[in-house]
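Thanks for coming, everyone. I have one model to walk through this morning. Let me put it on the screen.

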Amino acid sequence: WTVISSSIMFFVDGVLNGKKKVETWNEVRKKSIVGHSRQVNSTSFSQLSGEHLATGSDDGTARIWDIETGRVVSRIECNESVVQIAYSPIDDVQVATLTGDRCVRVWDIREPKKAISNIKLNREYINMAWHPEGNILAVGSSVGGKEDPVGGVKDCLSIIDCKRSVVLKRLR
């Protein structure tokens, strides 16, 4: 799949008699999902079923899409640009967002009005990844400078406990 502007396009590999079918460019089935009003910054497939695609956008929303129908099944109002989004590796109902207000939030997509966990960070972060057990996030930064409030260190990695909403450690 590829992300183009405010629409999502992904390519589906075929399976024939239990074996992966190699498809040429002309044979690839593609589907575009349109709905965000601004640029899409991040995407993540649901880890267990693969039935949903989470997207994060500069329009301040995260959306969960049903891949088959192309319909939105959940819409999360983040009120800030969503820089990154990532599905939990242990279930298909939790996603983490990293937003322009320097917050990491964990959401239950069935109840998208209020975050389960909200962690305010002191830097602008650009990426994140779940620990395989699904309770820890690693969040990386590559911004900073001499005027940086945390000692002028450019690169930083924060390890976050999402269950307790705390930063466990910062690595520089």
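**Strand pairing, a buried histidine and salt bridges**

Start with strand S16, residues 156–161. S16 is joined to S17 by five bridges, and the two run antiparallel. Before I go on: this is a predicted model.

Look at who faces whom. Ser 158 sits opposite Arg 170 in S17. Leu 157 has Leu 171 in S17 as its bridge partner. The two strands make a hairpin, with four residues between them. Within that hairpin, Ser 165 has a positive phi, near 60°.

Now the other neighbour. Strand S15 covers residues 136–141. Six bridges tie S15 to S16, again antiparallel. Here Ala 138 stands opposite Ile 159 in S16.

Is S16 enclosed or open? Five of its six residues are buried, so S16 is largely enclosed by the rest of the structure.

Next, another hairpin. Strand S7 spans residues 52–57, and five bridges join S6 to it. These strands run antiparallel. Phe 45 stands opposite Leu 53 in S7. Six residues lie between S6 and S7 in this hairpin. In the turn, Gly 50 has a positive phi of about 70°.

His 36 lies in the loop between strand S5, 29–34, and strand S6, 40–45. Buried or exposed? His 36 has a relative accessible area of 5%, so it counts as buried, the cut-off being under 20%.

What does the His 36 side chain touch? Another goes to the side chain of Thr 61, at 3.2 Å. Asp 58 is 22 residues away from His 36 along the chain, yet their C-alpha atoms are separated by 8.5 Å.

On to charge. Side chains of opposite charge can pair when their charged atoms come close. How many salt bridges are there? The count is five. I will show some of them.

Asp 59 pairs with Arg 63, with the closest N and O atoms 3.5 Å apart. Arg 63 is at 8% relative accessibility, so it is buried.

Next, Arg 105 and Asp 101. Their side chains meet in a salt bridge, 2.9 Å from N to O. Arg 105 counts as buried, at 12% relative accessibility. Asp 101 is buried as well, with a relative accessible area of 18%.

Then Asp 108 and Arg 110. The closest N and O atoms in this salt bridge are 2.7 Å apart. Where do the two residues sit, buried or exposed? Asp 108 is buried, with a relative accessible area of 13%. Arg 110 counts as exposed, at 59% relative accessibility.

To recap: S16 is largely enclosed. Among the salt bridges, Arg 105 with Asp 101 has both residues buried. I'll stop there and take questions.

Note on methods. Residues are numbered from 1 along each chain as its sequence is written. This is a predicted model: local features need pLDDT of at least 70, side-chain atom pairs count only at pLDDT 80 or more; totals for chains, interfaces and linings use all residues. Side-chain values use heavy atoms; hydrogens and water are left out. Buried means under 20% relative accessible area, exposed over 50%, partly exposed in between (1.4 Å probe, protein chains only). A polar contact is a pair of N or O atoms within 3.5 Å; within protein, one must be able to donate a hydrogen and the other to accept it, and residues adjacent in sequence count only if both atoms are side-chain atoms. Two strands pair if DSSP finds at least two bridges between them. A salt bridge is a side-chain nitrogen of Lys or Arg within 4 Å of a carboxyl oxygen of Asp or Glu.
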